[in-house]
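Subject: Structure handover

Dear colleague,

Please find the structure below, followed by notes on what was found in it. Could you read them with the model open?

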Amino acid sequence: MRRYVMVIDLRRCVGCQTCTAACKSANATPPGVQWRRVLDIESGEFPEVRRSFVPVSCMHCANPPCEEVCPTTATKKRADGLVTIDYELCIGCANCVMACPYEARSIVRESRYAYGKEPIASEAARCDSARLGVATKCTFCRDRIDRAASTGQVPGVDPDVTPACVNACISGAMHFGDIADPGSNVSQLLAETSNFRMHEELGTDPAVYYIWNHS
Amino acid sequence: MSGPTHLVPRRQGNWDWRAAANFICGGSGGGLLLWTACASLGGSDLRAFVLAALALIGVGLTCVWFELGRPWRAINVLRHGASSWMTREAIVAALLFCCGAIALADAQQVFALDVSGVLGLAFLYSQARILAANKGIPAWRHRRCLPLVIATGLAEGAGLLTPLALIKPAALIPLSLLLALNAAVRLLAWQRYLPALRRDGAPVGAITELQAIDRGSIWSGGAVPIALVLLAASIAQPLLAVLAGAVVVFTGARLKYTLICRASFIQGFALPKIPVRGAGVTAPGVKPGWENAQPKARDRTKSSELA
C-alpha cells in the first residue's frame with residue numbers, strides 16, 4: 001500500500017526558510033500561522049558548538065493521535081498516509097491540538113491580515129472563511145498529490161504534483177515520495193543514510209524522516 | 001503551527017479556564033453523583049444532591065461549549081465513539097442527564113439513581129482519559145495522571161456530599177470515613193504522580209508549576225481535611241466535616257486548574273542526533289527545555305543535552 005513520506009537531509013538544510021515562505025504562498029495561511037517552519041537549534045558548549053536547522057510540520061503519522069482523539073471524525077488518515085481535516089465537520093474543540101506532539105496544528109478564531117484590519121487584494125482573494133474556528137495544518141499539498149491520479153505524474157518526482165516546500169528547497173534537502181515503493185527516491189535515500197524520526201518513542205509512526213549522517 | 005519558532009516547550013494556549021471548569025465541575029459532579037447513588041442505597045431521598053451533581057456537570061459542559069471554535073456544530077462531537085474519549089464523554093453525559101432526570105422526577109426510581117451513579121463514574125473516567133490521550137502534553141499523558149484525576153473527582157464528590165451530615169446526623173461517621181478515605185487516596189495519587197513525572201521527564205515549566213502546589217496538595221489537600229473530618233466524626237460535629245469537604249473541593253479545583261491551565265506545557269522538539277556537517281562528527285542530541293536533561297548550552301536557545 002502506498003505511503004507518502006518526506007525525507008529531510010539535515011546535513012543540507014541551511015535554514016533559509018524558503019520552504020516556510022513557499023508554504024505560506026501555496027496555502028495562504030494567515031499571519032502567525034505556519035504550517036511549515038524551520039527550527040534553528042544551537043547546542044553544545046564552546047568550542048564544540050553546533051547549529052542545526054530542522055524543518056518541521058505535520059508529520060502525517062501512521063498512528064495519528066490527533067485522529068484518535070478527534071470527536072467529530074473531521075481528522076482522518078487516508079490510505080496513502082496523508083492526515084486530513086474536514087473543515088465542515090471540525091468544531092474547533094482543540095483536542096487534536098493537545099494530542100499532537102509536533103505543534104503542527106493551529107486554530108484561528110478570527111480573520112488576521114498582514115497589514116492592519118483590512119485584507120490586501122491577495123488576502124481578500126484567497127481568504128477562506130471555512131478555516132476560521134477550526135483546526136488547520138500542513139496537508140502535504142494534498143491537492144497537488146491528488147492531481148497525480150489524473151495526470152499520471154509521480155509525487156516527489158514531478159514538481160506539479162509535489163508539495164510546494166519540497167519544490168522550493170534551494171539546497172535539495174527535502175524529498176517526497178512513496179516509501180512503499182522500494183525504487184522510489186525516498187526509499188533509496190533512507191537505505192543509503194542514517195536517519196531518525198522525531199519523538200518516535202511516542203508511537204506515532206511519523207512520516208517525516210530526518211537524515212543526519214551517511215549510512 | 002502558530003507563532004515564532006519556539007524551541008523550548010511553552011504552555012498550551014487553546015484550553016483556558018473554560019476547559020478547566022469542565023474538568024473541575026464535571027469531575028466533582030460525576031464523583032458526587034456516584035457517592036449520592038451509593039448513599040441512597042440506605043433509602044434516603046437525596047434528590048437535592050442529584051440535582052447539584054447534574055448542575056455541576058451541566059455548568060462544566062456549558063463552559064467548554066463556549067470554548068469551541070464552531071459551537072453551533074457541537075452535535076458533531078457525537079460522531080467518533082470508536083476512539084475519541086471526548087465523544088464518549090458526551091454520550092455518557094447525555095445518558096447521565098436522562099437517568100438523572102428520571103431519578104429527580106421520582107424518588108422511588110432507585111434503579112435510575114443507581115445507573116446515574118455508575119454514569120457519573122463513567123463521566124469522570126472519560127474526562128481522565130481525554131487528558132491521558134493528549135500525547136502533546138507530557139504532564140497529562142503520564143500514566144499516573146489518570147488515577148490522579150479520577151481520585152480527585154471522587155474526593156471532590158465525597159466532599160460535596162458532606163452537607164448531608166447536617167440533615168442526617170447519623171450519616172456523619174460514614175460520610176467522614178468516605179471523605180477521609182478519598183482524600184487519602186488522592187494524596188497518595190498525587191505523591192505518586194509528581195515524582196514519577198519528574199523521573200520520567202517533562203518540560204521544566206510543567207514541573208515548576210506542579211511543584212508550586214506540592215506542599216499545598218499534601219497539607220491542605222490531604223493532611224488537614226483528613227484530620228478535620230476524623231475530628232468531626234469523633235466529636236460529632238458535622239460542621240467540621242462540611243468544612244473538611246469544602247477544603248477537599250477547593251484544593252481539588254486548584255489542582256485541576258493547575259494541571260489544565262498552568263502545567264500544560266507542550267512536548268517541544270528534540271534532536272536525537274545532531275547532523276554531521278562541517279566537523280564530520282556528530283554530537284549528543286538535544287531536547288530543549290526538559291527537566292531530565294542536563295543543561296549544557298549557554299546560547300539563545302538554551303538547549304540541553306539529552307541525559
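**Helix H10 of chain B**

The buried residues of H10(B) are B:Ser217, B:Gly221, B:Gly222, B:Pro225, B:Ile226, B:Leu228, B:Val229, B:Ala232 and B:Ala233. Buried here means that 20 or more other C-beta atoms lie within 10 Å of the residue's own; exposed means 12 or fewer, partly exposed is in between, and C-beta atoms are placed from the backbone. Helices (H or I, at least four residues) and strands (E, at least two) are DSSP runs, numbered from the N terminus.

Two notes on the source apply throughout. The model is predicted, with local features needing pLDDT of at least 70 and side-chain atom pairs counting only at pLDDT 80 or more, while totals for chains, interfaces and linings use all residues. Residues are numbered from 1 along each chain as its sequence is written, and chains are lettered from A and ligands numbered from 1 in the order in which they are written.

The buried residues of H10(B) pack against helix H8 (172-200) and helix H11 (238-262) of chain B. Contact means that the C-beta atoms of two residues, placed from the backbone, lie within 7 Å. H10(B) covers residues 214-234, 21 residues in total, and spans 29 Å from its first C-alpha to its last, close to the expected 30 Å. The expected span is 1.5 Å times one less than the number of residues. H10(B) has a kink of about 30° at B:Val224, shortly before the proline B:Pro225; the bend at a residue is the angle between axes fitted to the seven residues ending there and the seven starting there. After the helix comes B:Ala236, with a positive phi near 55°.

**Chain B as a whole**

Chain B contains 11 helices and 4 strands. Its C-alpha atoms fill a box of roughly 80 × 50 × 25 Å along the principal axes. Of the 307 residues in chain B, 55% are buried. Among its contacts between residues at least 6 apart in sequence, 69% join residues at least 24 apart.

**The contact between the chains**

Chain A gives 52 residues to the contact and chain B gives 47 residues. On the side of chain A that touches chain B, the elements giving two or more residues are strand E2 (37-45), strand E3 (48-56), helix H2 (65-69), helix H3 (95-99), strand E6 (106-107) and E10. E2(A) gives the most, with 8 residues. The residues on this side of chain A comprise 28 nonpolar, 14 polar and 10 charged. Ala, Val, Leu, Ile, Met, Phe, Trp, Tyr, Cys and Pro count as nonpolar, Asp, Glu, Lys and Arg as charged, and the others, Gly among them, as polar.

**The sheet in chain A**

Chain A has an open sheet of 4 strands with mixed pairing, in the order E8-E1-E10-E9. Strands E8 (174-178) and E9 (193-196) stand at the edges with a single partner strand each, so one side of each has no neighbour in the sheet. Neighbouring strands are turned by 35° against each other on average, direction ignored. Two strands pair if DSSP finds at least two bridges between them.

- E1(A), residues 4-9, runs antiparallel to E8(A) and is joined to it by 5 bridges; A:Val5 stands opposite A:Gly177.
- E1(A) and E10(A) run parallel and are joined by 4 bridges, with A:Val7 opposite A:Tyr209.
- E9(A) pairs with E10(A) in the antiparallel sense over 4 bridges, and A:Asn195 has A:Ile211 as its bridge partner.

Helix H7 (185-192) of chain A lies across E1, E8, E9 and E10 (208-214), at about 115° to E8(A). Axes are lines fitted to C-alpha atoms, for helices over the stretch in contact, and angles run from 0 to 180 degrees between N-to-C directions.

In E10(A), 5 of 7 residues are buried. A:Tyr210 belongs to this strand and counts as buried because 27 C-beta neighbours lie inside 10 Å. Beyond its neighbours within four places in sequence, A:Tyr210 is in contact with A:Ile8, A:Leu10, A:Asn195, A:Phe196 and A:Arg197.

**Backbone points in chain A**

Most residues other than glycine have a negative phi, and most peptide bonds are trans.

- A:Phe46 and A:Pro47 are joined by a cis peptide bond, with omega about 5°; A:Pro47 lies in the loop between E2 and E3.
- A:Thr73 has a positive phi near 65° and is partly exposed, with 18 C-beta neighbours inside 10 Å.
- A:Cys141 has a positive phi near 50° and is buried, with 24 other C-beta atoms within 10 Å.

Regards
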